[in-house]
Amino acid sequence: DYKRVVKESGEKALNYTLKRGDDEFKAIINPVFNQFEVEGISLVIINHPTPWYQFKRVIVMTVKTLRAIVTPKSDISVRHMSGPLGIAAIIHQAVVYGSVSKAFEIIVLITFSLGLLNLLPIPILDGGHIVLSLIEMAVRRPLPARIIQHISLVFVVVLIGFMGFVTFN
């Protein structure tokens, strides 16, 4: 329906009423429907955000999400997280109800988020390896293998447990 309304408007200003909770906002939006057809194939031109813009957006969204999770007044909790199955379902919905480009936006968001998560100073992640290397540089000798084994085992169990919790939640 939205595409039809935009197409029928002839790119004239449309009045919108947006609802967020109990609040209503009125806005006038000038939609532009960039579409052309070639031999029965319908193409849509989409402006793609730059990688730097996407990276900044991921940082902002991650900070907002973490704040929402730790804020007592927020409705968002750890139970709203999704594992691999939930992520696949969300990408499927993005393709079915949105577009392939929306699915790619979600994939980019997840990729950047995983990259940032991987830099956390948790022993089994890359950030943890960096911290352990810095400690070894500071003490000028390798850390005992048994200590690293035990620390790694604990964090592997915690990480797999967290992934299982998120997946089956």
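Predicted model: local features only at pLDDT ≥ 70, side-chain atom pairs only at ≥ 80, totals over all residues.
1. Ground rules first: local features need pLDDT of at least 70, side-chain atom pairs count only at pLDDT 80 or more, and totals for chains, interfaces and linings use all residues. Residues are numbered from 1 along each chain as its sequence is written, and side-chain values use heavy atoms, with hydrogens and water left out.

2. You'll find two aromatic pairs here (ring centres of Phe, Tyr or Trp, with its six-membered ring, within 6.5 Å; planes under 30 degrees apart are stacked, over 60 edge-to-face, the rest tilted). Phe-55 and Phe-112 are edge-to-face because their ring centres sit 5.5 Å apart with planes at 70 degrees. Phe-55 is in helix H2 (residues 51-70) and Phe-112 in helix H4 (residues 100-118), so this pair ties together parts 57 residues apart in sequence (helices are DSSP runs of H or I, at least four residues, numbered from the N terminus).

3. Phe-55 is partly exposed at 27% relative accessibility, and so is Phe-112 at 24% (partly exposed lies between buried, under 20% relative accessible area, and exposed, over 50%; 1.4 Å probe, protein chains only).

4. On to the largest pocket: 34 residues line it, with Met-81, Ser-82, Ser-113, Leu-114 and Leu-117 nearest its centre (a pocket is an open set of points on a 1 Å grid over the protein atoms alone where a 1.4 Å probe fits, with protein on both sides within 12 Å along at least five of seven lines; lining residues have an atom within 4 Å of a point). H4 gives the most to this lining, eight residues.

Terms used. Helix = DSSP H or I, 4+ residues; strand = E, 2+ residues; numbered from the N terminus.
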